[in-house]
Amino acid sequence: SGHLGILGGGQLAQMLALAAIPLGVRVTVLEPDPLAPARLCAEHLQAPYTDPSGLDALAGCDAVTLEFENVPVEALAALQGRVPLRPGAGLLARSKHRVREKEALRAAGARTAPFVAIESEADLVGALEGVGGAGILKTSELGYDGRGQARVGTPAELATAWASMGGVPCVLEGLVPFERELSLGVARSPSGQVAFGPLVENVHRGGILRTSVYPPDVPGGTEEEAREIARAVAGAWGLEGLMTLEFFQLPGGPDPDTRLLVNEVAPRVHNSGHLTQDGGGLSQFGAQVRAVLGLPLADWRPLHPCAMVNVVGVARSDGQPQEPDWAGIDVLEGTRVHLYHKAWRPGRKLGHVNLVAPDLDTLRRRLTTLEALIP
Ligand code: ATP
Ligand code: MG
Ligand code: MG
């Protein structure tokens with residue numbers, strides 16, 4: 001029971017609404033795009049995020065959450081003090097800016113890649129040496145799916161990359177020689193109850209998440225380390241609601257207790273958590289709804305080995321969509337198709353396929369079959 005407001009009406013809002021309905025929760029989204037995915041399963045206030053009457057309607061909800069971090073600060077300010085915003089504005093301000101985020105992670109005791117803020121020509125001098133000689137330049141704000149990023153190996157490449165980004169504020173990160181990428185969700189209710197999602201292993205292709213797998217193939221103690229870091233950051237940042245940490249796992253070193261660096265934090269459910277929809281346990285979407293509305297929490301861990309494969313718009317050589325056979329994939333053993341009702345565009349996330357299996361060997365085998373069917 002309750003009424004949840006969501007800033008943004010994309011696929012994450014769609015899936016939050018689908019998880020809220022069986023809990024008896026009504027969902028209203030504020031979203032300017034008339035064709036946004038959540039239009040089909042939530043009340044859709046079709047208006048700009050700063051629209052006064054749209055914000056008034058959200059202020060009448062029991063709590064407001066969000067599905068993307070770049071909501072205009074004016075919208076957040078307009079809701080301030082009228083309705084609980086979870087996560088709150090302070091946490092959002094940290095997580096949407098890569099430099100502030102890394103500083104706040106370090107202040108909470110988490111490790112990150114070495115980094116240098118690049119805000120003027122003078123910051124370029126000595127920056128590469130400062131991060132170990134090779135790095136990735138990222139815009140401090142608005143980047144996702146690897147957009148607004150460039151790998152750089154020389155000072156000249158760094159200068160060119162920064163200029164090509166228009167000289168906007170950036171961060172130069174040292175290139176991390178990670179063994180694998182992992183992620184973990186953490187939820188915290190307004191009363192302070194904390195719960196965790198599964199530790200998931202992620203494989204990216206062209207800067208976009210391609211596959212997530214649970215359980216991850218990691219050394220003993222890794223999940224405990226990830227939870228400790230997530231608990232510390234959630235506490236230090238005063239989390240109310242749900243956030244997801246992306247980690248780089250370093251190759252085994254002298255100290256096996258500190259293998260994880262935090263790459264970035266999403267103040268919400270995460271693409272890598274979609275497999276919790278079909279793993280047999282609670283889902284990340286239900287967890288965010290519960291945490292934001294102050295309902296009782298529990299860890300949301302799949303009961304079976306499971307995986308997720310993203311479906312991204314791919315063009316054939318003639319430029320036409322190369323669509324997978326949705327209906328055929330959906331009836332394979334162990335698969336579930338989730339489509340976002342978005343118009344096709346190259347590079348755009350259009351849906352995902354979850355996969356579940358009774359054991360890891362079967363999961364691996366089914367995953368190989370499934371990946372071959374998705375361009
Ligand atoms: P997302 O869609 O996850 O929000 P994003 O655009 O915010 O992506 P990042 O997560 O920062 O980008 O980077 C995308 C991917 O690029 C990472 O998952 C990782 O594979 C690689 N990457 C990013 N930073 C580094 C780094 N410092 N060292 C090595 N690889 C990196
Ligand atoms: Mg990101
Ligand atoms: Mg990322």
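A residue counts as buried if 20 or more other C-beta atoms lie within 10 Å of its own, and as exposed if 12 or fewer do. That cut-off applies throughout this report on a predicted model.

Take helix α2, residues 52-59. Its buried residues are G54, L55 and L58. They span an arc of only 95° around the axis, so they sit on the same side of α2. P52 and S53, on the other side of α2, are exposed. An α-helix has 3.6 residues a turn, so residues three or four places apart point the same way.

What lies over the buried residues of α2? The cover includes the strands β1 (2-7), β2 (25-30), β3 (43-45) and β4 (63-66). Helix α3 (73-79) is also part of that cover.

## The parallel sheet

Four strands make an open sheet in the order β3-β2-β1-β4. The pairing is parallel. β3 and β4 are the edge strands, and each pairs on one side only. Direction ignored, neighbouring strands of this sheet are turned by 25° against each other on average.

Three bridges join β2 and β3 in the parallel sense. In this pair, T28 stands opposite E43 of β3. Helix α2 packs on the sheet and touches β1, β2, β3 and β4. The direction of α2 makes about 160° with that of β2.

## The antiparallel sheet

A second open sheet has four strands in the order β5-β8-β6-β7. Here the pairing is antiparallel. β5 (115-118) and β7 (149-152) stand at the edges with a single partner strand each, so one side of each has no neighbour in the sheet. Neighbouring strands are turned by 20° against each other on average, direction ignored.

β6 (residues 135-139) and β8 (residues 170-174) pair over five bridges, in the antiparallel sense. G135 faces G174 of β8. Helix α8, residues 155-164, lies across β5, β6, β7 and β8. It runs at about 170° to β7.

The loop between β6 and β7 holds D145. D145 is not a glycine, yet its phi is positive, at about 50°. Is D145 buried or partly exposed? With 17 other C-beta atoms within 10 Å, D145 is partly exposed.

## Strands β13 and β14

β13 (residues 241-249) and β14 run antiparallel, joined by six bridges. The bridge partner of Q249 is L260 in β14. Strand β14 covers residues 260-266, and six of its seven residues are buried.

## R268 and its surroundings

R268 lies in the loop between β14 and α10. R268 has 26 other C-beta atoms within 10 Å, so it counts as buried. Which residues does R268 touch, not counting those up to four places away in sequence? They are L12, L66, E67, L242, M243 and Q288.

R268 and F285 are 17 residues apart in sequence. Their C-alpha atoms are 9.2 Å apart in space.

## Where α1 meets α10

Helix α1 (residues 11-20) packs against helix α10 (residues 284-293). The angle is about 75°, and the axes are 8 Å apart. Angles from 65 to 115 degrees count as roughly perpendicular, and α1 and α10 are therefore roughly perpendicular to each other.

From α1, the contact uses M15, L16, A19 and A20. From α10, it uses F285, G286, Q288 and V289. By class, the contact of α1 with α10 has six nonpolar residues, two polar and no charged ones.

## Backbone points to check in the loops

Two peptide bonds deserve a look. The bond from R86 to P87 is cis, with omega near 0°. P87 lies in the loop between α3 and α4 (89-95). The bond from Y214 to P215 is cis, with omega near 0°. P215 lies in the loop between β12 (208-214) and α9 (222-236).

H341 has a positive phi near 60°, in a residue other than glycine. H341 is in the loop between β16 (335-339) and β17 (349-356). It has 15 C-beta neighbours inside 10 Å, so H341 counts as partly exposed.

Note on methods: Residues are numbered from 1 along each chain as its sequence is written. Chains are lettered from A and ligands numbered from 1 in the order in which they are written. This is a predicted model: local features need pLDDT of at least 70, side-chain atom pairs count only at pLDDT 80 or more; totals for chains, interfaces and linings use all residues. Two strands pair if DSSP finds at least two bridges between them. Helices (H or I, at least four residues) and strands (E, at least two) are DSSP runs, numbered from the N terminus. Axes are lines fitted to C-alpha atoms, for helices over the stretch in contact, and angles run from 0 to 180 degrees between N-to-C directions. Two residues are in contact if their C-beta atoms, placed from the backbone, lie within 7 Å. The arc is that of the directions from the helix axis to the C-beta atoms. Angles under 35 degrees count as roughly parallel, over 145 as roughly antiparallel, 65 to 115 as roughly perpendicular and the rest as oblique. Ala, Val, Leu, Ile, Met, Phe, Trp, Tyr, Cys and Pro count as nonpolar, Asp, Glu, Lys and Arg as charged, and the others, Gly among them, as polar.
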